[in-house]
Amino acid sequence: MSTAQEKPSLSTMSSGDMFSLWWSEKWVRGLVLALSPIGFIDALFTYLLFVTHGPEYEYNPIVRFALTSNWWFLWIVVDILSFALFAMIAGSYYLHTRSSILGNHVNWFAALIALRVGAALYNVLLYLGDVYPIFWSFILGLITYWIVKGFLSRERDISIEGFKRYWRAKYDRLHDKLLTRGIKIKMKEEQEQIPEPKKTVPKDRMTTWLKRAGYLSLAILLVVSAPYILTAIGIATGAINWSNQYGSRVFWTNLSGTAFVIAFGVIILLVGLMVYFIMKAFHTTEGAW
C-alpha cells in the first residue's frame, strides 16, 4: 500500500496489492468475477472460427501464428488468464486510488475492458453468422464502457442496503412531488373560487380506469401473442423444422444459434414491454390505486 506522502497511482501499488486488493470489497469482487469469463468466451469462439473457417478469419498476426502452431492450447490459456488478471488489476487500482483528492484515471481501464467485451461479442456473432456483427459489438462496447466507467468512478461502495435506500429515496421524492403538486393545484382552485362541476370527478375516474384497462389489456395481449411471435421467428430462421432435420437432439449450429439469439432478444423485448405497460397502468393518475 502507498504511504501518506505518495500519490495513489498504479506505480505506487505493490504487486501483491495489484492481484489481491480487489478481493477486499464485496461488490468489486463480484464485478471482477463477472468480467473474468469474457476472456474464456473470446478464446473459445476465436478457436471455433479458426477451426471452422481457417486462419483468414483471424486478423491478428500473433494470434494467427499461435493457432497455426503446436502451441495453440498455450495461447488459449494465456488469453483467458490475461484478461482475468487485467480485471483484477482494474479493480485493485480503483480501490487503491478512489480516495485520492487528485482523482483516479479509470477511462483507459474501462476502454480496454469495453474493447475486449466488444471483440468477444464480435467473434460470437461472426461464428453464428450474424449479418452485422461489428455494429452490435460496437453498441455493446459503448454500453460496457459507460457501465464500467460508472462503477470505477464511484466514491462509495455498493451494497444491497444502499441500493434499497437509493430506490426508496427516489420513490419518496416522487411521491412527495406528486402530493405537493396535488396540494398546489387544490390551493390554486380554492383561491380562484371556481366551482368544480359535479361530473368532473366521475369522468376523471372513468378515464383513469379506462387507461388502466387499456394498458393491462396490452400487457395481456403481449403474453398471449408471445408463442405466435416465437413461432414466426422459428419459421423465419428455419429452426421450426429442426426435429425433421436432426431429430430430438439439440446442439449448437449456425441455425440453432441464430434462432436462439433472435428469440432471446425478442423475449427480453416482450418482457420489457409487458413490465412497461403494467407500470403505466399503476401510474396513470396521481396517487396509488
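**Exercise 1. Find how many aromatic pairs the structure holds, and classify the pair of Phe-83 and Phe-86.**

Step 1. The structure holds eleven aromatic pairs. Rings of Phe, Tyr and Trp (its six-membered ring) pair if their centres lie within 6.5 Å; planes under 30 degrees apart count as stacked, over 60 as edge-to-face and the rest as tilted. This is a predicted model, in which local features need pLDDT of at least 70 and side-chain atom pairs count only at pLDDT 80 or more, while totals for chains, interfaces and linings use all residues. Residues are numbered from 1 along each chain as its sequence is written, and side-chain values use heavy atoms, with hydrogens and water left out.

Step 2. For Phe-83 and Phe-86, the centres are 6.5 Å apart with 35 degrees between the planes, so the pair is tilted.

Step 3. Both residues sit in helix H5, three residues apart, about one turn of the helix. Helices here are DSSP runs (H or I, at least four residues), numbered from the N terminus.

**Exercise 2. Decide whether Phe-83 and Phe-135 are buried, partly exposed or exposed.**

Step 1. Recall the cut-offs: buried means under 20% relative accessible area, exposed over 50%, partly exposed in between (1.4 Å probe, protein chains only).

Step 2. Phe-83 is buried because its relative accessible area is 2%.

Step 3. Phe-135 has 44% and is partly exposed. Trp-136 is also partly exposed, at 44%.

**Exercise 3. Describe how helices H3 and H6 pack.**

Step 1. Two packed helices are described by the angle between their axes and the distance between the axes.

Step 2. For H3 (residues 37-53) and H6 (residues 107-128), the angle is about 35 degrees and the axes are 9 Å apart. Axes are lines fitted to C-alpha atoms over the stretch in contact, with angles running from 0 to 180 degrees between N-to-C directions.

Key
Helices (H or I, at least four residues) and strands (E, at least two) are DSSP runs, numbered from the N terminus.
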